Amino acid sequence: MRGKLLATAVAAATALTTPAMAQDRGGVLNFARYDGSKLIDPIYADRNPDIWMVGSLFDTLLRSNPDGNSVVAGLAESHEMSDDGLSVTLTLQEGLQFSDGAPLTGDDVIFSLNRARNPDLSPWAGLLGSIDNVSASDLTVTISLKAPDPTILSMLATFNTAIVSKSVFEAADGANDQEKSAAIFAAGGAGVGSGPFYLSGFEQGSSMSFSANPNYWKMGADGKALPYVDGVEFQIIPDDATRILKLQAGEVDAAEFIPFSRVAELEADPSINMNLYPSTRIIYSPINTREARADGTPNPLADVRVRQAINYATNKDALIGLVLQGAGKPMTSPLMAAATQLSSDLGPLYGYDMEKAKALIADAGVAPGTKITFTTLAGSADDSTIFAALQQMWAPLGIALEVEQVDGATRGAKNRSGEFDIHTYGWVNDVNDPSQVVGWLGHTPTAKAVGTGWENPEFNSLFEASATEINAETRADQYAQMQKLYADSAPLLFMYETPFAVAVSNAVEGYVQTPLGNNIFEEATVSR
């Protein structure tokens, strides 16, 4: 299993940069999704099913490398950061067009980035908070910054900064930006984007159609414009078993979110390629670190020794076996997946050591029978498995772990209010820079350190300094220090990373899912 994961990592890192050996053109790729998109607009997309489709319909000025650790040319063929870090100059490619054939100009870039950084419009505006002004002259775009921003190049390769057609938006029906966006999405058709496809059909909760953009800028290995396929047809199939049955029957060419319990079966099927794409998805549990619980009673988890103890008492490999059927690995950074830029490899965090865990519990003076409540999602088989395993693993520490099952909205509300002891959670990066996940998990002002209430002045200062640090080595050292502080304090139960499991027919080549989750179809081919 680990060998397949590593092999897939190599394939994912090279698939978008190495020409395909064969360039079969035409045909439609049929893709089974677990959930449908509700709105595909770069600045409004805030659910993974929406975000992961944006890159197929819209292009950004820069692009993330498949490995997520650098940026490369996109709509802009070149870029340059000023020595003082206060401006970025980009040169657009010549002859760029939207999918309806209209030219893509500097005015469209100004319009799109101003939409993206408008806090009254976009929930992602903060990612571009450093921008002071965007201007353009012919093919040259200049972005002026309020202060140096080491993340700005990564942000210009992020979905929310994708370039949309100013003229199409202005002509759309609607009294405001949100209404115009909804009207464009509902209408479908070529025009608003410059990605490899355009939205050509949509039925809420049932299906979605992408058609090849005839004016796409990127060339394939055969010297003709990508994409190779004529289109992608998405079927929305929430039931895992049904998605797999349709793939096995040849009714679809690919199926996402394969349950890990079915991975070995599909690996053995000679007609299917079972891919485990490296991801930035981490599964962890926030721990309430406040001195008192919401009801005013003393909180045993406020003691760092107790938090360290339950981490040592958690056999991560056993959890991976139980929940993922071995298709994963323990977290090695306390703040991010290993595929994220500036991730520190601290080894498996808190490797299983029951004797050390017992010694920490004794030192902390935790009384036998101490009750801790573990909040899980009702109906989640994975959460139920995790709870049952932890209940047994922590019993030798004298901890009586009790379960509280809630829906997703209630779990989120409890996290924000601090009305929990410990609860299940997960994360997938939206950007290829660590600032987003580190801010969320550890920086107190961002989100109360993912709701844990953990506060470390040194950590906060390092994070805030890193936000304007343009020296790459200095910034890397800041992130290394933050990861060490966070690991030592253990405001989370550090569990594991999971890959993206996608099963693909042997008829398909060139499809990739990136570590950020984006589905890349532009170099996919289908041979029937």
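**A cavity and its lining**

Analyst: A cavity here is a set of points on a 1 Å grid over the protein atoms alone where a 1.4 Å probe fits but cannot get out, and lining residues have an atom within 4 Å of a point. This is a predicted model, where local features need pLDDT of at least 70 and side-chain atom pairs count only at pLDDT 80 or more, while totals for chains, interfaces and linings use all residues. Residues are numbered from 1 along each chain as its sequence is written, and side-chain values use heavy atoms, leaving out hydrogens and water.

User: What volume does the second largest cavity have?

Analyst: About 40 Å³, with volume being the space filled by probe spheres set on the grid points, which are joined across faces, edges and corners.

User: And which strands each supply at least two residues of that lining?

Analyst: Strand E8 (197-203) and strand E9 (207-212). Strands are DSSP runs of E, at least two residues, and helices are runs of H or I, at least four, numbered from the N terminus.

User: Switching topic: where's Pro227?

Analyst: Pro227 sits in the loop between E9 and strand E10 (231-236). A cis peptide bond joins Leu226 to Pro227, with omega about 0°.

User: OK, what about domains?

Analyst: The domain assignment gives domain 1 (58-166), domain 2 (169-277 + 500-526) and domain 3 (281-497); such bounds come from an automatic or database assignment. Contact (heavy atoms within 4.5 Å) between domain 2 and domain 3 takes six residues from domain 2 and ten from domain 3.

Terms used: On a 1 Å grid over the protein atoms alone, a cavity is a set of points where a 1.4 Å probe fits but cannot get out, and a pocket is an open set with protein on both sides within 12 Å along at least five of seven lines; lining residues have an atom within 4 Å of a point.
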